[in-house]
Amino acid sequence: MKNIVVKFCIITSLCLFSITALSQKTVKKFSDYVKPNIGTAHSRWFFYTPGAMPFGLAKLGPSTNGHLGNEQGWEATGYDDRDTSIEGFACLHEFQIGGIVLAPSVGKLQTIPGALDKPEEGYRSRFDRKDEYASAGYYSVLLKDYNIKAELTATKRVGFQRYTFPKSAQSNIIFDIGNRQGESGAVKESKVTITEDGRIEGYVITTPEYVKKYQAGTEVAMYFSAVLDKKPSSFGAFNKKGIQAGAKEIEGEGAGIYLTFDTQQNEMITVKIGLSYTSVDNARLNLDTEAKSLNFAAAEKQSLAVWNDYLGRIAVEGKNEADKIKFYTGLYHALLGRGLGSDVNGAYPMNNGKVGQIPLDSKGKPLHNYYNTDAIWGGFWNLTQLWALAYPEYYADWVQGQLLVYKDAGWLGDGIANSKYVSGVGTNFTGLAIASAYNSGIRNFDVEKGYEAALKNELEWKNRIEGAGKMDVKQFVELGYSPYLDNMDYKTNTEGSGFSASHTLEYSYSAYAVAQFAKALGKTKDYEKLMKLADGWKLLYDKETTFIRPKYANGTFIKDFDPSQPWRGFQEGNAWQYTFYVPHNVTELVATLGKDTFNNRLDDIFTKSQKNVFGGGTKIDAFAGLSGFYNHGNQPNLHISWLFNFSGKPYLTQKWVHAICDEFYGTEGIHGYGYGQDEDQGQLGAWYVMSSIGLFDVKGLTDINPSFQIGSPLFDKITIKKLGKSRDKNFVIDVKNNSKTNVYLQEVKLNDIDLKQLSIELEAVKKGGVLKMKVDAQPSTSWSN
């Protein structure tokens, strides 16, 4: 009997061990759900950079068509999921910034990339998707024409490229530096050198299209310093004029260096590329500080650990794998965009082209960082509230980086590339984002300077430069609205704008936000003035048509008004979409339209838009949805699915938010963020993140004590980690009876206390606790809000 018991115990232990071992093998990391190739068809230059750290400077990725450039500065270029050949691997992918390209090859030396459909004309190579792997922080692909495996990873400021070559006496690595890449603009100057100690170093200076538009006469500089773990057997230089064998230095357009190696079968060569926007010396310093002792494998491991730490700040649990893929890929894009622009020593590129210095702490470390950034247009409905919730340290850095530009140049820049103004849309919501940071409890910045900058952004026009946007703010302040100007097309001046109606709505909202900042600081007169301007939207409400309608300076509405017409008075949208753009005063907007009209129109908008995938249908075009009733592929009305929370029918918010998450967002290369829509450095991804966990604020956390509206999450359980001042609190959202059909809230309890309204203060979330929800398939009228 004893032997039987012993055998049973041994067998049971072995079974338990096997089950435990199996479960350990099957537990996925957060990064395992990140699929960077989602949405890469018709994607922007900065969208596909798998070899990067969260908010990093080094952003490495393959390019299929990056050398074609970008005629207007915003078109899709770089990597496209439908392409079948790769031309090289760029180290910098940022809004209006791109370059430092490396490419390996075997055999005859080629110094131009060649045409997409004719790889043999250049150094590009064909590849198959089955031989490609991309994740958060790592990328690999087999270049079929050369039988070379290429791999990418990065630290914050250092790119790693590793190539596994076949046996060949003519294995090449090309540094293609002096050519236009993606959104970088035309090359003004470039230089590349092989130093005495074997480094490859240089720079490229470009004039991006948006820099030319918003700060004419300025430029963007990119510097690098690279080391290889093998010496070449031969080398040379090239530019547009030709190839110079044995040359160690070259400059001019198209400048580059080639290195040739005698390689054994499966021999690996690793290149480490230090990057900087200030100097070659600082590129070298960044390399030596972050990666001198790192090999490729160690850098990849480090990157993966950092990504899982950042992604893991919001842990979601549920039965639907596709939802998790959408969630963590969306969060990945939100953490990838708007990257680091300062060096390890605190040097940063100033607006005037000089090098600035961020103050250092007692240990010689910079007190904060500086970041490049696309415009924050629409970012308050996704990015800034995500930052405030889970990444407040980044939000603080972002604010301080924006204030560096203000101190240097006198105006806040909405979008900035190496501190150069690249507004992109001619408005400026940076003051709103600073106000939101302060009211969200992020205050470790120069508050008085931040308020000064935000107030100036809302009210002043004297000597205002075009790069600061809001060129029609004089009219808005004096008339209460921006007048429509015929024949202005897409332009704005001090007398008005071709986008006058949308500008009026936007300025009204941002005035409200900065008013709350003023009130919090006890600046009563400023508060009162700004709050009056926050009502500017009312001046454009047309009772006859029940739409927001552009108006001339003489007070008359424009003739032949068509609410479906985009561009005429409305930037990247129309009156159907923009009439709901009163996020700071939804209650009065509902009263103005009438509750029934408001609810019926909004519900009808989503019913009709669902047939068109909530935007531009399946047409691959970033502007495909501009004439529709709703366009989730662009920023102007990303908040409106949440407006039912203010009009007595929150169950319709629950219904339509789920539908958008399930149908607009996909998991394929073409259907990722709609069909070829404009994801704008993480905005659509961040919208999915916030909406799918059931927390969203249409005001963009601009109230003095901001709160989230509550919806029904897509997941069974959400744990938001590292909350509160000590970063040790967790907030758990626990959803019972969750499924694809059970989308309607029935019960909501915060720490076991029933909520009377579907809202929760940001501060309550940061304190930690449990939000318990119960959902079902039938709408509930328990909350009227």
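1. Asp 734 has Lys 772 of strand S38 as its bridge partner. The two strands concerned, S34 and S38 (residues 769–776), run parallel and are joined by six bridges. Strands here, like helices, are DSSP runs numbered from the N terminus, with at least two residues (E) for a strand and at least four (H or I) for a helix. Two strands are said to pair if DSSP finds at least two bridges between them.

2. This is a predicted model, in which local features need pLDDT of at least 70 and side-chain atom pairs count only at pLDDT 80 or more, while totals for chains, interfaces and linings use all residues. Residues are numbered from 1 along each chain as its sequence is written, and side-chain values use heavy atoms, with hydrogens and water left out.

3. Strand S34 (residues 729–736) also pairs with strand S33 (residues 717–723), this time antiparallel, through five bridges. Leu 723 is bridged to Lys 729 of S34. Five residues lie between the strands of this hairpin, and Gly 724 takes a positive phi near 80 degrees there.

4. An open sheet of three strands is ordered S31-S32-S37, with antiparallel pairing. Its edge strands, each pairing on one side only, are S31 (695–696) and S37 (759–761). Between S31 and S32 (residues 707–710) there are two bridges; in S32, Gln 709 is the bridge partner of Phe 696.

5. UniProt lists, in an unreviewed entry, "domain: Glycosyl hydrolase family" over residues 282–775. UniProt positions follow the numbering used here, feature names are shortened, and annotations may be inferred rather than shown by experiment. In the model, residues 282–775 are 38% helix and 13% strand, with 55 Å between the end C-alpha atoms.

6. How do helices H4 and H5 cross, and at what angle? The axes of H4 (residues 296–311) and H5 (residues 321–336) come within 10 Å and cross at roughly 110 degrees, which makes H4 roughly perpendicular to H5. Axes are lines fitted to C-alpha atoms, for helices over the stretch in contact, and angles run from 0 to 180 degrees between N-to-C directions. Angles under 35 degrees count as roughly parallel, over 145 as roughly antiparallel, 65 to 115 as roughly perpendicular and the rest as oblique.

7. From H4, the contact with H5 is made by Trp 307, Tyr 310 and Leu 311; from H5, by Tyr 328, Leu 331, Tyr 332, Leu 335 and Leu 336. Contact means heavy atoms within 4.5 Å. By class, the contact of H4 with H5 has eight nonpolar residues, no polar and no charged ones. Ala, Val, Leu, Ile, Met, Phe, Trp, Tyr, Cys and Pro count as nonpolar, Asp, Glu, Lys and Arg as charged, and the others, Gly among them, as polar.

8. Helices H6 (residues 383–390) and H7 (residues 392–409) have axes that come within 6 Å and cross at roughly 125 degrees. H6 and H7 are therefore oblique to each other. Thr 384, Trp 387, Ala 388 and Ala 390 of H6 meet Pro 392, Tyr 394, Tyr 395 and Trp 398 of H7. The contact of H6 with H7 has seven nonpolar residues, one polar and no charged.

9. For residues 33–276, an unreviewed UniProt entry gives "domain: Glycosyl hydrolase family 92 N-terminal". The span is 2% helix and 49% strand, and its end C-alpha atoms lie 31 Å apart. An open sheet of eight strands has the order S1-S2-S4-S5-S11-S18-S15-S16, with antiparallel pairing. Strands S1 (51–52) and S16 (242–245) are its edges, each pairing on one side only. S2 (residues 59–63) and S4 (residues 88–94) share three bridges, and Pro 62 is partnered with Phe 89 of S4.

10. Thr 193 is in strand S12 (residues 186–194). Its side chain makes a polar contact of 3.2 Å with that of Glu 249. A polar contact is a pair of N or O atoms within 3.5 Å; within protein, one must be able to donate a hydrogen and the other to accept it, and residues adjacent in sequence count only if both atoms are side-chain atoms. Leaving aside residues up to four places away in sequence, Thr 193 touches Arg 199, Ile 200, Glu 201, Lys 248 and Glu 249.
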